Amino acid sequence: MRKVWMAVAALTLWMSAQLPAFGAVEAIDFYKRSNDDDNFLSMVSNSLSQIADRLKIEVKVYNHGGDTAKQLAAARKQARPERVMVVRVNDPESTVELIKIAKEADTTIIFTNVQPDFEAMLAYDKAWFVNTDAVEVAQAQAALVADYLQKNPGWDRNGNGTLDLLYLKGPEHHNDAKERDLALKDTLRQMGIKYQIVASNSSEWSYEQGFKEMCDLLDAGRYGELDMVISHGDEMAMGAIDALEQSELFRSGQEGYLPVFSVDGYPDAENAVMRGAMVGTVFQNYRRMAMAILDVGLGHAADLEKHIKGVRIIN
């Protein structure tokens, strides 16, 4: 039987069934790629450490650098009943082996950020998936765009009758990137917003890629073709903004205003919104996500009610 509870914030919890007994957890081992590859996940792990520290629970972060064998080796070494595993899988195919490690250690395993193999999860009743809801995030971003267009009717810098975009996406292999891409385009179409993509990218959410894409357009004299920048991550959006602000076009005052929309709600993006360099960014509540991971890990089933506002739970 599956039950779905949906509300407003942006978390997804997928569980196979059983919660650990409260008081049995001494540490949380967080396995991810690196401190630099995903700012959002680093904010989640940092927030988790801060909250867990108040409960005298150690959070140890292992950066495997995209090396699945290294991730599995660290998990085998650390897995014990009193140590909860939190895993950003490098390759969903490693789910089977990770489940095997957790099952042999009789410990809870919580997958996050990248979708594991859900069928493999069904083999173990202490396996969970906790993540932001990519579709809901994309719909919120589309609503920001629609609100801007409603307040600025007829927005069309180049006068060609369509919304021309610099469109910055996450990596092709990442479930969040794929779901945000499809949901945003679908929502814009449903809203009757006609658009075309002038330039696009697919990267590891990187500042450098956003900077490069905007520089390429500026160098090619194509800036005037753009009506808007839509980015699926603040790092990429800030790269595009910095490239524009460092350009001679911007310094000469000839650039014309270019609205930028993003996702994450990082401090740099908030500052960009405050100074008018960005119209808006969809805040992904990393602290709420950390709290949900901790609640699952500690067996506070009742406390999950705190996260139902904005959480989808499939059981």
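Is arginine 76 buried, partly exposed or exposed? I looked it up: arginine 76 is partly exposed, at 47% relative accessibility. My cut-offs were under 20% relative accessible area for buried and over 50% for exposed, with partly exposed in between (1.4 Å probe, protein chains only).

I am working from a predicted model, where local features need pLDDT of at least 70, side-chain atom pairs count only at pLDDT 80 or more, and totals for chains, interfaces and linings use all residues. Residues are numbered from 1 along each chain as its sequence is written, and side-chain values use heavy atoms, with hydrogens and water left out.

Next I searched the whole structure for salt bridges and got 10. I counted a side-chain nitrogen of Lys or Arg within 4 Å of a carboxyl oxygen of Asp or Glu.

I started with glutamate 97 and arginine 76, whose closest N and O atoms are 3.3 Å apart. This pair links distant parts of the chain, 21 residues apart: glutamate 97 sits in helix H3 (residues 95-105) and arginine 76 in helix H2 (residues 68-78). I took helices (H or I, at least four residues) and strands (E, at least two) as DSSP runs, numbered from the N terminus. Glutamate 97 is partly exposed at 26%.

Then I checked aspartate 106 and lysine 126, which form a salt bridge at 2.6 Å, N to O. Aspartate 106 lies in the loop between H3 and strand E6 (109-112), and lysine 126 in the loop between helix H4 (118-121) and strand E7 (127-131). Lysine 126 is buried at 12%, whereas aspartate 106 is partly exposed at 43%.
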